[in-house]
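Colleague: I would like to learn how to read the sheet and a helix pair in this model. Please take them one at a time.

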Amino acid sequence: MSDLFRRLLSEREWLLADGATGTNLFARGLNHGDAPEGWNLAEPDKVRAHYRDFIEAGSDIVLTNSFGGTANRLKLHGLDDRVFEVNRAAAALLRAEIDAARAATGREIVCAGDVGPTGDLFAEVGGVLTPETARAAFRAQIEGLKAGGADVIWIETMSSAEELTAALEAAAEAGMPAISTMSFDTNGRTMMGVTPAGLARLAHSCAHPPAAFGGNCGTGAPDLLIGLLSVVSQLGDEDVLVAKANCGIPEYVDGAIRYSGTEELMADYACLARDLGARVIGGCCGTTPAHVRAMREALETRPRGPRPTAEEIVARLGPASAAAMELLQEGGGERPAEAERRGRRGRRAGREARGPEAAN
Ligand SMILES: [Zn+2]
């Protein structure tokens, strides 16, 4: 265990991650439609202030402002020829804040190079991506994050097992450890049909296993925790589970999405996530530094409890979807046809001795 993330995990029961990047940068004046990553070059002081807020709120892990930092996404903003520069700046600005905090307080904080989906689909589902082009796009981004001083790569909000695999390969090629979280936002599954159990299988079977895996974003905090609850019995002692849920439940108010989560609710969520077995805990959309501060205080002051049931999660955090509750049934909520298809694919993959059989 040489890298900072794994070393801190070996020393502590849990690590607190940060909250939302996008929603908090919008609150600092980023215009809707503009690339948040462009601010790494144009508004470095605002990006540093954003990082500093989460460091001061008590985050042990802070994500860089580089969610859309592949050329595929930067292209939409005319920044695709500056992939390395944009990502290096994202990490270097965070590195500077982390180093300053360490000099002042002695705290050790992980600089997590954030990698989101390319936004493109793979050729087999009608898109343009291939495993090679996806891996190359992620590799170019990760090299920038590495040059800027990232300790670990955090691959998040993934929907496709193939795309996640490509990103994990790119991180491994760059010599970086990786955390990977998927967004289970469609009937308890990712948009491409991966269940939490499918992600666990992928993490257990892929050539470059992530140092930690779990869920981020999605619908609400209750669904995310129930999704993770559906896989905890399949995890081993070496598995590190991640929960980075949205701030409560998204609601439409006057045509815009708002997140219902209060500081009290996110404090409850953080403790439920810990009691469920998650060791890396943070917030996604809507989560502010004030929420993170409340989560830290709760995790530090409330004693650990027994693993919560789905009913307890709902009673504390609010209603879950029927699809999330279905995940708790035997088979991780996969319908018989999916399990059968996966079984056939798995047997074929086994015969060919290749790649992850898991998860789509
Ligand atoms: Zn989110």
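Modeller: Start with the sheet: eight strands make an open sheet, ordered β1-β10-β7-β6-β5-β4-β3-β2, with parallel pairing. Strands (E, at least two residues) and helices (H or I, at least four) are DSSP runs numbered from the N terminus, and two strands pair if DSSP finds at least two bridges between them. At the edges are β1 (15-16) and β2 (61-63), each pairing on one side only.

Modeller: The model is predicted, with local features needing pLDDT of at least 70 and side-chain atom pairs counting only at pLDDT 80 or more, while totals for chains, interfaces and linings use all residues. Residues are numbered from 1 along each chain as its sequence is written.

Colleague: Over how many bridges do β6 and β7 pair?

Modeller: Strand β6 (residues 212-217) pairs with β7 (residues 241-245) over five bridges, in the parallel sense. C217 stands opposite A245 in β7.

Colleague: At what angle do the axes of α4 and α6 cross?

Modeller: An axis is a line fitted to C-alpha atoms, for helices over the stretch in contact, and angles run from 0 to 180 degrees between N-to-C directions. Those of α4 (residues 44-57) and α6 (residues 83-105) cross at roughly 45° and come within 9 Å. The two helices are therefore oblique to each other; angles under 35 degrees count as roughly parallel, over 145 as roughly antiparallel, 65 to 115 as roughly perpendicular and the rest as oblique.

Colleague: Which residues of α4 make the contact?

Modeller: P44, V47, R48, Y51, R52 and I55. Contact requires C-beta atoms, placed from the backbone, within 7 Å.

Key
Two residues are in contact if their C-beta atoms, placed from the backbone, lie within 7 Å.
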